[in-house]
Amino acid sequence: EAVYRRTILEEQPPGDVIVQVSAANPTTGGTEGITFDLRGPNSTLFIIGPQDGRIRAVVIFDREEQDLYEFVVLATNTTSVILQSTAQIVISIADFNDHPPMFPSENYHFTVDEEVATGTPVGQVIASDQTDIMQNAIIQSYTINDPVPFSISSDGTITVSDRLDREMIEEYTFNVAATDGGSTPMMATTTVNITLRDINDNHPVFIEREFVGMIRENQISGIEVVVLVAEDVDQGTNADISFKIEGTSLFNIDPISGLITTATALDFETSDFHNLSVIVEDQGSPQLSSTARLVVMVTDIDDEPPTFGQPSYETSIFENTTNGTAILVVQATDPDSNSSNIIEYSIRSGVVPFTIDELDGTISTRGVIDFEMNILFEFTVVASNVGDDGAVLSGTAVVTVHVLDVNDNTPFFLNQPLFFFLSEDAQRGTEVAVFTVSDADQPPSSTLGEYFLAGGSEPFTVTPFSGTFILNGSLDYEAIQYYNFTVGVSDLGVPPLLGLATVEVFVSDVNDNTPMFTQAFYSASLPENTTIGGLVTIVTATDRDSGENGMVTYSINTTGDYFNINSSTGEITLIRSLDFESVNVIIATVIASDLGNQSLSTSAMLEVNVSDVDDFDVVFVPTMFSANVYENVNSNFLVTTVIATDQDEFQSALITYTLVPSSNPIPFYIESQSGDVYTIRPLDRETQDSYTFMVTASNSPFHMATATVTVQVLDVNDEAPVFSND
């Protein structure tokens, strides 16, 4: 068996010749009469020219799905005895670069120390192409297109290519591209984030080269002199700084805050100037430091400050005391015997509604004094003078002011707005709420009197002392849906104050009203030929309730199911043909129901009168009439009566009778309304002994009937005998 092997590129459009097979007739050696056909499970993906043996693909192949296809070509010789032979076809699918490389992660994050040497590896990104093969699956190169101080090698290793300074840029984010080795390269990208770790490459620096502090002599230890300030632009422990002072025991320094305080009292006469060195250090490795100069100047003072006559003062005032009212006088003296400086008074402790006369120490009110805001004020007053060296000396005392309550707050109803919702079927005695009232005053000014309601409060009441709000009557939503009135209560202060609030009560509906038709009896008339779907009448009902309780739906009950009613509009329409001759009056009951949870309904009677229409023909009964009449009767003699009928009511009374004209006049006429046939003149049997004629009956041009009338003339003895000539 011959084997044909060929290779084609995946993604190649179908239609091109892949391979051509050939076969020869073993007898003649020629190709005449040989045809080709494909066999095998993969043969449907290909076609073969039955005469020329050219094989073509009919689909586009994907190597990643299947890379090898085998099938059989069957050659058949049809010129003589049918002979067949087969050949094996093997088609290999070659790879086409149709898949880009892929990074296992969309983002990479690396860290590296700042200031590391160029060429230092930071991290590695690796892309792969697991789908393509050979050169198409090889990662040819990695590239960085962003302007960053990093480079990347062919294996994806990222290295430092320039100086890294965290204090300038702390983080870099850029894209890395991976390109495969296909003839038409494909590319993938990922994002790389590199964070720089801090190293201790910056000295801590004082914000000033020289710090100056000033301190009065004789002050106790711990007095603040100056606060040192320094900064370090590094990070973490490299930026943690501490302070220290060298060469002195007169001052202490807080190593963290840089606060320099006195370690002992200083003496101006011993030294009025101290020149020191201070050091700031970071906690990095290696540890870095800087120094600065500290100059502390000591000032001379008058040693004794003014002293108040007592360490604390206490007084009481009523709230709302008029602004500017004097409430207390404090005084201080200077124990220095040679002091002649003026003592000035001030208040030091925060913002208080008081002021002090700086010369005589009189304390007065300033602003509003409100017991409900503050029942007590405590503040410090300061007495100061200037010593011989210009230093300010001061002494302090504590002042306590008690505020006394007055009745200046009206009772206030809480939980406003006072909205309440009640169903109209709420029972008399229902407790709606308990009013809660607040009075910011103190007893007895905050003690409440009696509650009351005013301004259209029926049917409600309130208990005078508990403030319980009660329904004291009945509610009717259809009459009143909303109540608005006032509740009030007074306190027992002097004078008493009245508190008021608006009460609003919203009444909700219950289904307590039955729908009502606009009339108890409805009547309508319809001709019997009314078409199905025709309007009979419209009934209307209303319900005084609201919402679904007031929404009305309609239904109808009738014998024979002649009508339908629209449940929403009340329109009644015909759903069955009418026949006056069968039923001429139809009685129905229409029902109106509301949509409440416990539905209520009412009914009304509907009478529909069916009117007749001319839908039957006129009919003679019988269709042939006969009569006998003597020949000697006078004219206008009643010979007979013909009768025709119409099943339509009233139509029979409208029937008109006529004689059908004849070429031979007849001695009769017919009364048009009654059908009575009369003689016009006397009859003569000897002249004519019988008559036959036609009559018609009609009540419209479209309804007419005919009948035959035969009249026999009877003989009377009116002729004398006559002898014959014989």
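At 48% relative accessibility, Asn636 counts as partly exposed, a class that lies between buried (under 20% relative accessible area) and exposed (over 50%), taken with a 1.4 Å probe and protein chains only. The backbone of Asn636 has a positive phi of about 65 degrees although the residue is not a glycine. Asn636 sits in the loop between β52 (624–630) and β53 (638–641); strands here are DSSP runs of E with at least two residues, helices are runs of H or I with at least four, and both are numbered from the N terminus.

The model is a predicted one, in which local features need pLDDT of at least 70 and side-chain atom pairs count only at pLDDT 80 or more, while totals for chains, interfaces and linings use all residues. Residues are numbered from 1 along each chain as its sequence is written, and side-chain values use heavy atoms, with hydrogens and water left out.

One joins Pro443 and Pro444, with omega about 0 degrees, and Pro444 belongs to the loop between β36 and β37. Thr447 lies in the loop between β36 (437–438) and β37 (448–454) and is partly exposed, at a relative accessible area of 34%. From Thr447 to Ser466 the sequence separation is 19 residues, and the C-alpha atoms are 13 Å apart in space. Another cis bond runs from Val494 to Pro495, with omega near -5 degrees; Pro495 is located in the loop between β40 and β41 (498–508).

Turning to the aromatic side chains, rings of Phe, Tyr and Trp (its six-membered ring) are paired if their centres lie within 6.5 Å, and the pairs are called stacked for planes under 30 degrees apart, edge-to-face for over 60 and tilted for the rest. By this rule the count comes to 35 aromatic pairs. Phe460 and Phe469 make a tilted pair, at 5.2 Å centre to centre with 35 degrees between the planes. Both Phe460 and Phe469 are buried. Phe460 also pairs with Tyr483, here edge-to-face, with 5.3 Å between centres and 85 degrees between the planes. This pair links distant parts of the chain, as Phe460 is in strand β38 (residues 460–462) and Tyr483 in strand β40 (residues 482–491), 23 residues apart. Tyr483 is buried, as is Phe460. One aromatic cluster takes in Phe413, Phe420, Phe435, Tyr451, Phe460, Phe469, Tyr483 and Phe485.

Next come the charged side chains. Side chains of opposite charge can pair when their charged atoms come close. A salt bridge is defined as a side-chain nitrogen of Lys or Arg within 4 Å of a carboxyl oxygen of Asp or Glu, and the structure holds ten of them. Arg39 and Asp37 meet in one, at 2.4 Å from N to O. Arg39 is partly exposed, with a relative accessible area of 41%, and Asp37 is partly exposed too, at 34%. Arg166 bridges to Asp198, with the closest N and O atoms 3.0 Å apart. Because Arg166 lies in the loop between β12 (157–160) and β13 (171–180) and Asp198 in the loop between β14 (187–197) and β15 (205–206), the pair ties together parts that are 32 residues apart in sequence. Arg166 counts as buried at 7% relative accessibility, and Asp198 counts as buried at 14%.

The surface carries patches, made of residues with over 30% relative accessible area and no salt bridge, in which like charges are joined within 9 Å and nonpolar side chains (Val, Leu, Ile, Met, Phe, Trp, Tyr) within 5 Å. A negative patch is formed by Glu344, Asp357, Glu358 and Asp360. Within it, Asp357 occupies the loop between β29 (354–356) and β30 (362–365) and is partly exposed at 35% relative accessible area. For charges, Lys and Arg count as positive and Asp and Glu as negative, with His and the chain ends not counted; the place of a charge is NZ of Lys, CZ of Arg, CG of Asp or CD of Glu. A nonpolar patch is formed by Phe521, Val585, Ile587 and Met605, with about 330 Å² of accessible area together, by the Shrake-Rupley method with a 1.4 Å probe, where for residues only the protein chains shown count as cover. Ile587 belongs to strand β49 (residues 585–594) and is partly exposed, at 40% relative accessible area.
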